[in-house]
Amino acid sequence: MASGGFFAIGFRSIQIIQVRLRKPDYKPPFRKAKKIPREDAGYRVTDGNIAAIDFGTTSVSLAYTTKGDKKVSTLILDHEDKSTRVPNAFLLKKEDDGKMKVEDFGSIARKKFTSMKPGDHHTHVYFERIKMLMRREKVVDRDTVVESFSGEKFYLVEVIAFILQHLKNLLMDHFSRTTWPLKTTDFDWVITVPAIWDARGKRMMREAAYLAGLLTEYGGISRFTPVSHLSLPLPDEYNPDRLSLALEPESAALYSQEVVADQIESDPDTAIIQRPTDYMVIDAGGGTIDITAHIEVDGNIVVENIPTGNAWGGTQVNEAFSKILEGIVNDPGFEKFLASGDRSQTNADIIKIFYTEFETGKLLFGKEQTEEICISFPNRFARFYNKALEAGVKRKSGIDYEDDVLYISKEVVESELFGPALKGMIECTLQAIEDNDTDLSTFYLVGGFGGCSYVHKKVKAAIEESFHGQGRSCHVIVPPTPQLAVATGAAMWRKNPEKIKARRSDATYGINVSIPFEDDEHDEYYKFYNEEQEEYKCSSVFDVFLEKGELVEADQVITTSLTPAYQSDKRIQISIYSTLNLGVQYIKDKDGESTVTKIGQIVIDIPNPDNLPREKRLVDVTMDFSGTEIQAKAKYRVTGEEVKTVCDFLSAQQT
Ligand SMILES: Nc1ncnc2c1ncn2[C@@H]1O[C@H](COP(=O)(O)OP(=O)(O)OP(=O)(O)O)[C@@H](O)[C@H]1O
Ligand SMILES: [Mg+2]
């Protein structure tokens, strides 16, 4: 544990970890903005009606609570099996007038799509696991296009909007039958996002919610915009403060701590632990592993770690099986099979194999109810690859094939299917433990993948081994209904978001400024002469608001002041940048390449009717990192005009 100094929050001393993240060649920023107390309120105070959507990679849930209600409920989304967590799969039907209607969702949508008559495919659009596209490393914006399973292209933000709208309709339908019917606008809405997503993915969710009409009594989405080279317009922002984005692991942590604490309280004598004050949560879902560590201070929470995680979720087990099967039939990506007939139909067979047949076996294995996995192949697939399958399994030990059924032995399931995903998950967890400064010993394992007994057993063993090696003990606990932890926790969080007192920044953020050139500090490459100011300046300076790892307290904002470069300037454009690195001093390198990513901009008019001198025309730029979305605003002191925006702006602000 490298030391970088400490500071106090309440009675706890918190390590300044960004110091240890700095590399040996770290150079401090030339300019750093100041932290000042926040004046505006943070989140809207809720009336008590909260609806939270956990829009997961593989599954969705909706949790809600109403005014005066102490508990959070989850909405039944599949009335057949009374399930409150269903596959994130949607089947839309094209209507005659170009409108689209959600025909089914969840398992029923998948079932219908995979057994649909060929003639019905062209009137339907099917999507599943859409969130896989929105990983941190991928650039997602309002114009990102996705392909449905039949190969048609749509704007991703609109596809998500259809799904959110459908979930909203289900909740409204539920409430329309109650004694006190509630409307959409009676709710504060929450959508959960992985903490490891960057600002762009978060912004995409917010815009999808606007399009879905989640915050209004009217509007909503009924048709797709044809994909073209034109950008989609910025959606209307009605009631933006009625929507908040909750961080998935943080929500799961609130849930886990609350239900486990209740359990302990109800029977303290037999509980294996006392109520912990420091704990780490590992949310292992279908597409992401998301890790967070919380410490309690004076009844509030400090999020102790930088959001960490990776993409080794449960879907990787399905992917690993796909790779093995591709090898057996010797056809990468099953391209030959996919091209052998109507693409929707062949795609439907592939989904059936990996997300119905294999998934069923995988879940049973995960619950430790079976030792091997067997998969029945759809007829068309078995016929197409029959010879290849028979020959292929001979080359692969631990896998057999007989009468259209593939049998995978326990050894192969453990080492080749679950093995890589578990390795990715365990490595990330052990790293998070090593990076953590507190001596926490309680781990909550949640999410569908994390919550299954096989994964719990393996992860528990790995964490215990690392603890025992240091002569310490620990507890790795799966709370009840781990797959609902995120949705339920998100509704709990929204009741009192101020409970989170501080969070670590996931990246370094700042703006671009020009400052007086200092020969002994600045590089000649950036030097230019400002004739009006009769002074040499240094351009492209990264004025840092926040460094990665820095702790942002809920009641703080960060601010800096700028003046126009030239007296004739009537408008200032402030670009906001981020980088995952520390020690970046300039926004571009000496080859002119960007060293940072532009995440948004604010444009503010700066008229000067009284002809004030340039240095008196101050613009205060303030950024608020205390919530789950970054807010930025600029205020021109001369006129008092203020421009606000939320990062990431998927498109430049309208000017
Ligand atoms: N019994 C089980 N055994 C093995 N895996 C399981 C079991 N139950 C669920 N899973 C896996 O857990 C994953 C779904 O978990 P969850 O619903 O938490 O994910 P998600 O929230 O949709 O995804 P993410 O949080 O990554 O966006 C799937 O990959 C599923 O196969
Ligand atoms: Mg999840």
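Q: Hi! Which domains is the chain divided into?
A: There are domain 1 (20–42 + 505–646), domain 2 (50–246), domain 3 (249–313 + 421–501) and domain 4 (315–415). Keep in mind that this is a predicted model.

Q: Thanks. How far apart are the C-alpha centres of domain 1 and domain 2?
A: Those centres of domain 1 and domain 2 are 36 Å apart.

Q: And how many residues of domain 1 and domain 2 are in contact?
A: On the domain 1 side 5 residues take part, and they touch 6 residues of domain 2. The domain 1 side of that contact is made of 3 nonpolar, 1 polar and 1 charged residues.

Q: Changing topic to the ligand. How many residues surround ligand 1, and which are the closest?
A: Ligand 1 has 22 residues around it, and the closest are Gly56, Gly285, Gly314, Gly366 and Gly448.

Q: What classes do the residues of that shell around ligand 1 divide into?
A: The shell has 15 polar residues, along with 4 charged and 3 nonpolar ones.

Q: Which helices each supply at least two residues of the shell around ligand 1?
A: Those are helix H8 (343–366) and helix H11 (447–451). The most comes from H8, which gives 4 residues to the shell.

Q: OK, let's stay with H8. How do the axes of H2 and H8 cross?
A: Helix H2 (residues 107–114) has an axis that comes within 9 Å of the H8 axis, and the two cross at roughly 140°. Angles over 145 degrees would count as roughly antiparallel, so H2 and H8 are oblique to each other.

Q: Is the crossing of H2 and H8 left-handed or right-handed?
A: H2 passes H8 in a left-handed crossing.

Q: Which residues of H2 and H8 meet?
A: From H2 you have Arg110, Phe113 and Thr114, and they meet Ala348, Ile351, Lys352, Tyr355 and Thr356 of H8. Sorted by class, the contact of H2 with H8 holds 4 nonpolar, 2 polar and 2 charged residues.

Q: Now H6. How do the axes of H6 and H8 cross?
A: The axis of helix H6 (residues 315–329) comes within 11 Å of the H8 axis, with a crossing of roughly 110°. Angles of 65 to 115 degrees count as roughly perpendicular, so that is how H6 and H8 are described. The crossing of H6 and H8 is right-handed.

Q: Last one: which residues meet between H6 and H8?
A: Val317, Asn318, Phe321 and Ser322 of H6 meet Phe354, Tyr355, Phe358, Glu359 and Lys362 of H8. By class, the contact of H6 with H8 has 5 nonpolar, 2 polar and 2 charged residues.

Note on methods. Residues are numbered from 1 along each chain as its sequence is written. Chains are lettered from A and ligands numbered from 1 in the order in which they are written. This is a predicted model: local features need pLDDT of at least 70, side-chain atom pairs count only at pLDDT 80 or more; totals for chains, interfaces and linings use all residues. A residue is near a molecule or strand if its C-beta atom, placed from the backbone, lies within 6 Å of it. Ala, Val, Leu, Ile, Met, Phe, Trp, Tyr, Cys and Pro count as nonpolar, Asp, Glu, Lys and Arg as charged, and the others, Gly among them, as polar. Domain bounds come from an automatic or database domain assignment. Two residues are in contact if their C-beta atoms, placed from the backbone, lie within 7 Å. Axes are lines fitted to C-alpha atoms, for helices over the stretch in contact, and angles run from 0 to 180 degrees between N-to-C directions. Angles under 35 degrees count as roughly parallel, over 145 as roughly antiparallel, 65 to 115 as roughly perpendicular and the rest as oblique. A crossing is left-handed if the near helix is turned anticlockwise from the far one by less than a right angle, and right-handed if clockwise.
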